[in-house]
Amino acid sequence: MLMNMKSLLSVANTNNFAIPAFNTPHGMIMRGVLETSEEMNAPVIIEVHPDELSFARPSFITALVEEAHKTSIPVCIHLDHGSNLQQVVSAIQCGYTSVMIDASNHPLEENIEICREVCRIAHAANVSVEGELGTIGTTAQDQSAASCTEIRYTDPEEAAYFVRESGVDSLAVAIGTCHGIYPKGMIPALQLDLLKEIKEKVKIPLVLHGGSANKDEEIAIAAHTGINKINISSDIKDPFYQKCREILKDPYIREPNEIYPPCIEVMKEVIRHKFRLLGTHEKAALYHQ
């Protein structure tokens with residue numbers, strides 16, 4: 001059952017749970033995500049970043065749309081971190097039902113203006129829009145990337161103004177997370193009091209990016225106090241590819257049906273855990289009432 005993000009997250013917002021958004025760059029991960037969603041009767045967001053799409057090609061979105069139509073599980077196909085209008089328009093044209101425009105590195109008023117224009121275009125096509133306010137850090141060892149210490153936390157008053165003026169359907173907030181796998185010894189902490197303040201001001205669904213390695217108890221609390229979408233990429237890709245490396249040590253294994261099923265299965269264990277942690281399991285029934 002293919003849905004846009006606004007419809008999908010409105011149920012989560014009303015019932016105080018979160019839906020995981022799994023970055024899905026190819027068919028093996030798609031299979032693991034959808035099979036586990038069906039197994040656990042859980043709504044799901046499949047998101048594909050522009051870099052992932054450039055590798056997978058737009059025909060991959062066509063396949064995702066087809067698979068979403070085949071299942072009774074609520075599915076949203078979301079553009080993760082679109083950085084410009086061209087990427088957003090291309091995503092809408094190839095079948096995404098939701099887009100993110102990340103203009104968080106711009107000044108507030110410019111961020112609002114960019115999001116407002118994206119909303120004008122996307123809403124006309126029944127595609128929902130996610131914006132971002134504040135700066136989420138990264139753990140990438142890239143000199144051009146912000147470090148984890150450069151998080152600019154979302155201001156609750158600014159968040160309320162931003163949502164009102166931009167028209168976005170969901171808002172990614174910066175409350176202390178970073179993208180990617182955390183370096184050994186780094187223990188992230190969510191600013192849960194700040195999250196509560198933001199949610200008092202902002203009634204639309206809130207989004208958490210970069211939650212890898214955060215404590216489960218913090219993520220669970222966030223999922224019940226305003227966060228309705230949590231992006232998950234490294235946490236599923238890491239076990240998948242670690243298992244691939246292990247299997248490919250055997251020089252005689254080369255058939256996909258030998259290589260990938262064990263990789264999908266170890267990834268499924270993580271996906272099952274995320275559904276339970278966020279309170280998503282058995283929530284698909286809420287969309288059929």
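The model is predicted, so local features need pLDDT of at least 70 and side-chain atom pairs count only at pLDDT 80 or more, while totals for chains, interfaces and linings use all residues. Residues are numbered from 1 along each chain as its sequence is written, and side-chain values use heavy atoms, with hydrogens and water left out. Helices (H or I, at least four residues) and strands (E, at least two) are DSSP runs, numbered from the N terminus.

**Helix H11 and its partner H10**

- Helix H10 (residues 234–247) packs on helix H11 (residues 256–278) at an angle of about 155°, with the axes 8 Å apart; axes are lines fitted to C-alpha atoms over the stretch in contact, and angles run from 0 to 180 degrees between N-to-C directions.
- H10 and H11 are therefore roughly antiparallel (over 145 degrees).
- On the H10 side, the contact (heavy atoms within 4.5 Å) includes Ile236, Pro239, Phe240 and Ile247, and on the H11 side it includes Ile259, Cys263, Val266 and Val270.
- This H10–H11 contact has 14 nonpolar residues (Ala, Val, Leu, Ile, Met, Phe, Trp, Tyr, Cys and Pro), no polar ones (those in neither other class, Gly among them) and four charged ones (Asp, Glu, Lys and Arg).

**Helix H11 and its partner H2**

- Helix H2 (residues 27–40) meets H11 at an angle of about 45°, with their axes 9 Å apart.
- By class, the H2–H11 contact holds nine nonpolar, three polar and six charged residues.

- Strand S6 (residues 128–133) runs parallel to S8, joined by four bridges; strands pair if DSSP finds at least two bridges between them.
- Leu133 has Val173 as its bridge partner in S8.
- S8 also pairs with strand S10 (residues 206–208) in the parallel sense over three bridges, with Val207 as the bridge partner of Ala172.

**Glu109 in helix H6**

- Glu109 lies in helix H6 (residues 108–124) and counts as partly exposed at 47% relative accessibility (between 20% and 50%).
- Glu109 and Ser166 are 57 residues apart in sequence and 9.4 Å apart in space, C-alpha to C-alpha.

Note on methods:
Angles under 35 degrees count as roughly parallel, over 145 as roughly antiparallel, 65 to 115 as roughly perpendicular and the rest as oblique. Buried means under 20% relative accessible area, exposed over 50%, partly exposed in between (1.4 Å probe, protein chains only).
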